[in-house]
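Please go through the sequence and the structure shown here before reading the report that follows.

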Amino acid sequence: MCGIIGYVGKKAASPILLEGLRRLEYRGYDSAGVALVCGGDLLVRKKMGKIGEGLARLLKSEPVEGNLGIGHTRWATHGPPSDKNSHPQLDQSGKIAIVHNGVIENYDALKQKLLATGHKFKSDTDTEVLAHLIGDYYEKRRGKVGSSRRDDRTARRAVPTQNGSNPLTQAVCDALREVIGTYGIAVICADEPDIIVGARRGSPLIIGIGVGENFLASDANAIVAHTKKVVYLNDYDVATITPERFDVLNLGTDTANVQISKLEFSQEDAVRGKHAHFMLKEIYEQPRTVENALRGRVDNEGATAKFGGLNLTSAELRSIDRIVIAASGTSWHAALVGEYLIEELAQIPVEVEFAHEFCYRNAPLEKSTVLLVLSQSGETADTLAALREAKRRGHRALAIVNVVGSTIARESDGGIYMHAGPEIGVASTKAFVSTLTILALLAVHLGRLRNLSARRALEILHALEAVPKQLESILAQNNAFKKLAKKYAKADDFFFLSRGYNYPIALEGALKLKEISYIHAEGYSAAEMKHGPIALIDPKTPTVFLVPQDSIYDKTMANLAMIRARKGPIIALATEGDKQIGKVANDVIYLPKALEPINPILASVPLQLFAYHIAVLRGCDVDKPRNLAKSVTVE
């Protein structure tokens, strides 16, 4: 959830840390801070608020120097946003600094133990407790340097080094053996001027490999300007990083599995460019996003889709008699569309679960059930837990993810990459559309292994191939969406309604509006309105109605009439050529004609633009909406 950056090398660390934090701000923006080691001193600067309004100004007025440092941008968990709760947090001596992403569940018990020995705390955070615990062990370890070799676990090192036996690394290992919870941490010490220690359990952390310099970060976006070579740490890995080398050991196994990967994207992919916001940039990237999702996966000759990473034979795929899709947030809405697609085209029963509920109820899973998880980041804590639970119970677990090398990508039995490129805006747009595209391809692939005809499969595949140009035609109407947003920007409440394939898109449209504009919005099945929610309809409550000319068009129009009869303003998303809708809706957005299973992809983009322009008109920070962060890595 929070952002972590670390640097050790020959360059000035402060500008690198600040740049990295700016690139990580979508992971948290309640506060930010840095700690650097210089001349035997530990220098800390931290401030509540967004980086540009707090830390950047502080560093300008109170600069710090040094070639080694760590930085943090915070999404608050323990303790409200404040200067004292900002990271880095220090140990009792003030010589050790730590930045932390995650939650230490047993922090109170650890705190009581430390209080009993004279420790005093200055913040409300669980992180400060961990800092004190590491500091306590560090003082004990300093007296043992050279007296004995490390006797806990041996590790296969990435490069020859003795750094694993330094007292700071040992102290971190000692402390983490007492910790219950999740963490991605970076630790430095005034007495260890060339070492950063990083560790992870449940929160992402990567090493960036440079020449005469190395990096530590919670997200590759922070370091892509400096290196393309990275190591994704695994749970319980502890890394010791110096300018010339890195050393990885694992607390839970005898060897650390170290693999150097290459980043797929460039620095240019992670900048806003000409667009006012990352969200707008990513909305406009969606025609290319769909092309990337389709590239190399459409087999017109075989009338099917093909994937290289499912790691299941055709016979194994045919033997699947149930699919459970686990996801959270926007990905959960995509999963609902996936349920419609797979059940119609492949005739396989599908159940969609909130990932955070899957692990905590004893849902029966038959032997031939497969779990499919969806996650843009590949680090979503709830979704990762669902994947691990399914594997623990002996089931195959597949994944659709965007980030190559992410934990879910590495731990799944097989899966499909989105290849959507980095998504910086907190509100997901292009990853959602990419997921819908891939789910349609997967449904065709599974269907062709059963009873889906070649003719129907080709209809779906050709319709998918037409989507990029159709999306471009929708994006060309941007000025119309601006005018529509201006008309409705002052509304306090919205309904989003549809049926069938587009019902999940109504849910997603409502989510987009409320998460970036802070307008209360509800998504419902249009048929469900008469069972209660219609009581809230009045002339001040607009309804966005998704009403394509599909198999249930007449039914949806009848539901629309109920809203109109109660004088609720209606904004309709309709199919080009629909002559009836203009007579009953106050405003109409026309979408290109498409097959019913493809409509959700096209309908998503107008709702994204509508929410975006309303948020801008209301003065909201579109890319960094309040209380939210991009990747939810804590439960």
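## Surface and charge

In this predicted model, the protein chain exposes about 24,500 Å², and carbon and sulfur atoms supply 49% of that area. The protein chain carries 78 positive and 72 negative side chains, and the centres of these two sets lie 3 Å apart.

Buried residues account for 61% of the 635 residues in the protein chain.

## Overall fold

The protein chain has 18 helices and 26 strands. Its radius of gyration is 26 Å, close to the 26 Å that the globule rule gives for 635 residues, so the protein chain is as compact as a globular protein of that length. Taken along the principal axes, the C-alpha atoms of the protein chain fill a box of roughly 85 × 55 × 45 Å.

Where contacts in the protein chain join residues at least 6 apart in sequence, 73% of them join residues at least 24 apart.

## Aromatic pairs

The structure holds 7 aromatic pairs. In one of them, Trp 332 and Phe 354, the ring centres are 4.1 Å apart and the planes meet at 10°, so this pair is stacked. The pair links distant parts of the chain, with Trp 332 in helix α9 (residues 330–346) and Phe 354 in strand β18 (residues 350–354), 22 residues apart. Trp 332 counts as buried because its relative accessibility is 16%, whereas Phe 354, with a relative accessible area of 34%, is partly exposed.

Phe 495 and Tyr 524 form an aromatic pair that is tilted, at 6.0 Å centre to centre and with 50° between the planes. This pair also links distant parts of the chain, since Phe 495 belongs to strand β22 (residues 493–498) and Tyr 524 to strand β23 (residues 520–525), 29 residues apart. Phe 495 is buried at 3% relative accessibility, while Tyr 524, at 27%, counts as partly exposed. Ring pairs also link Tyr 488, Phe 494, Phe 496 and Phe 610 into a cluster.

Leu 42 is placed in strand β3 (residues 41–48). With a relative accessible area of 16%, Leu 42 is buried, because the cut-off for burial is under 20%. Leaving aside residues up to four places away in sequence, Leu 42 touches Ala 35, Leu 36, Val 37, Leu 90, Gly 94, Lys 95, Ile 96, Ala 97, Ile 188 and Ala 190.

The C-alpha atom of Leu 42 is separated by 35 Å from that of Val 403, a residue 361 residues apart from Leu 42 along the chain.

Technical notes. Residues numbered from 1 in each chain as written. Predicted model: local features only at pLDDT ≥ 70, side-chain atom pairs only at ≥ 80, totals over all residues. Heavy atoms only, no water. Helix = DSSP H or I, 4+ residues; strand = E, 2+ residues; numbered from the N terminus. Buried < 20%, exposed > 50% of the residue type's maximum accessible area, 1.4 Å probe, protein only. Contact = heavy atoms within 4.5 Å. Rg over C-alpha atoms; globule rule 2.2 N^0.38 Å. Areas by Shrake-Rupley, 256 points an atom, 1.4 Å probe, with all protein chains shown as cover. Lys, Arg positive; Asp, Glu negative; His and termini not counted. Charge placed at Lys NZ, Arg CZ, Asp CG, Glu CD. Phe/Tyr/Trp six-rings, centres within 6.5 Å; stacked < 30°, edge-to-face > 60°.
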